[in-house]
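These are my notebook entries on what I looked up, written for someone who is opening this structure for the first time.

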Amino acid sequence: MTATMGWIILGWVGAMLAGVPLFASMGLASFAFVWFAGIPAGIVPQKVAQAANSFPLLAAPLFILMGNIMNSGGVTDRIFAFATACVGWLRGGLCHANILASVIFAGMSGSAVADAGGVGTLEIKAMKDEGYDPETAAAITAASATIGPIIPPSLPMVIYGVSADVSIGGLFLAGIIPGLLMALALMLMVTEVARRRNMPRHPFPGLGEVWVAYKRAHWALMTPVILFGGMIAGWFTPTEAAGVATVYALILGLFVYGDLNLKDLPKLVEDTVETTGVVLALVMTAAALGWCLSISRIPQTVGPMIVEWVGNPLMFLLAVNILLLIVGCFMEALAAMLILIPILVPAAAQFGIDPLQFGLIFVLNLMIGTITPPVGVVLFVTARIANISFESMSRAIIPWLMPLIAVLIAITLWPPLTTFLPSLLMGK
């Protein structure tokens, strides 16, 4: 079976390179395997249906809907105004505000693309109006958008948790410290760049103005508090938290801020269904292919080979980082995750690597991939918003990769950065 699956995997990769959609190529590979193995073909749709019948996976469309509501419900402008009031007086103030706003919005959207396309639109316009060159505005916006899926809630973490059978609540808590470190690293770099380029700064508005900006954003800022407070207190699971947060976002948009109309809801639901459909098609067919990989003993064969070849956990993590950074340059993050989890996660377990640490390493690598050419989806979004070429965007982002890679190295070398909070609050 292992040899048969090996040939099918080669055919699957060839189909992807030929332009066959990923979900279709995974489904065809699954059917090919069961046909060659003499297994009834009905097992494939059965595994596909089982993958969709997942309570944790229900969090995905709910978080997507919440992010869409937040983007349309008057939340983003209040968040950016509050961030500007807090740090706009620093040299390069709007750059710092850009990063701080991404940290706040990360506790609501869970998506790098949602961050870049939502609050990023305001950030880039404000920075260009103040005289920042569009390349710098777009690059900082793209780099800070990667914080979105690291500080929970996080759509990639939900998919990782479901696919790798890892606690989603544990992953959420594990992402808080790395996400804050990413923001700190980016702000330190802004401080140095702002000093060299003599970037503009706002006068300090006074504590009164900061308080006014906070009051305007107060109810939006309570979203992460409700999410984490409820999960830590044991009031609801991550999936239930997604439902509560979605209802809360609706209340904010419709009644508190009044920037969302009932007539906007069908379009928001339509966008959510469209995005969810793409995600679920990939997850469900990946589950079927993962089952085929499992019974063909590919992970059980490849895992020991990796362990024997690499030799120790640190070298394995180094190899994984290099692999995922390269893969992220050429493949969409969710697709790469679904393809590589069945192979790399069992090998990490054999090395005794903490599953939460490995999950954060996995997700952070692929989020960095969203801002690396030639397939960085966040680069395309921010280049379009800033009205610059993709080539200019690709050159501008290179220096801003360094702080993010520094954080990646830190969580690779020091596991407590990812395991401390889950151990403290959940005993994970």
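I began with the term contact, which means heavy atoms within 4.5 Å. I noted that this is a predicted model, in which local features need pLDDT of at least 70 and side-chain atom pairs count only at pLDDT 80 or more, while totals for chains, interfaces and linings use all residues. Residues are numbered from 1 along each chain as its sequence is written, and side-chain values use heavy atoms, with hydrogens and water left out.

Entry on phenylalanine 362. Leaving aside neighbours within four places in sequence, I found phenylalanine 362 in contact with Tyr160, Leu324, Met337, Leu340, Ile341 and Leu344. I then looked up burial (buried is under 20% relative accessible area, exposed over 50%, partly exposed in between, with a 1.4 Å probe and protein chains only), and both tyrosine 160 and phenylalanine 362 are buried.

Entry on the core. A nonpolar core is a set of buried Ala, Val, Leu, Ile, Met, Phe, Trp, Tyr and Cys residues joined through side-chain atoms within 4.5 Å. The largest one holds 147 residues, and those touching the most other members are Tyr160, Phe316, Phe358, Phe362, Ile397 and Trp400. Helix H18 (residues 333-350) gives the largest share of this core, 13 residues; helices here are DSSP runs of H or I with at least four residues, numbered from the N terminus.

Entry on ring pairs. Rings of Phe, Tyr and Trp (its six-membered ring) pair if their centres lie within 6.5 Å, and planes under 30 degrees apart count as stacked, over 60 as edge-to-face and the rest as tilted. By this rule I have 8 aromatic pairs. Tyrosine 160 and phenylalanine 362 form a tilted pair, 5.5 Å centre to centre with 55 degrees between the planes. This pair joins distant parts of the chain, since tyrosine 160 is in helix H10 (residues 155-164) and phenylalanine 362 in helix H19 (residues 355-369), 202 residues apart. The rings of phenylalanine 380 and phenylalanine 390 have centres 4.2 Å apart and planes at 15 degrees, so I recorded that pair as stacked. Phenylalanine 380 is partly exposed because its relative accessibility is 42%, whereas phenylalanine 390, at 19%, counts as buried. I also noted that ring pairs link Tyr160, Phe316, Phe351, Phe358 and Phe362 into a cluster.

Entry on threonine 418. Apart from neighbours within four places in sequence, threonine 418 is in contact with Ala174, Pro178, Gln357, Leu360 and Ile411.

Note on methods
Helix = DSSP H or I, 4+ residues; strand = E, 2+ residues; numbered from the N terminus.
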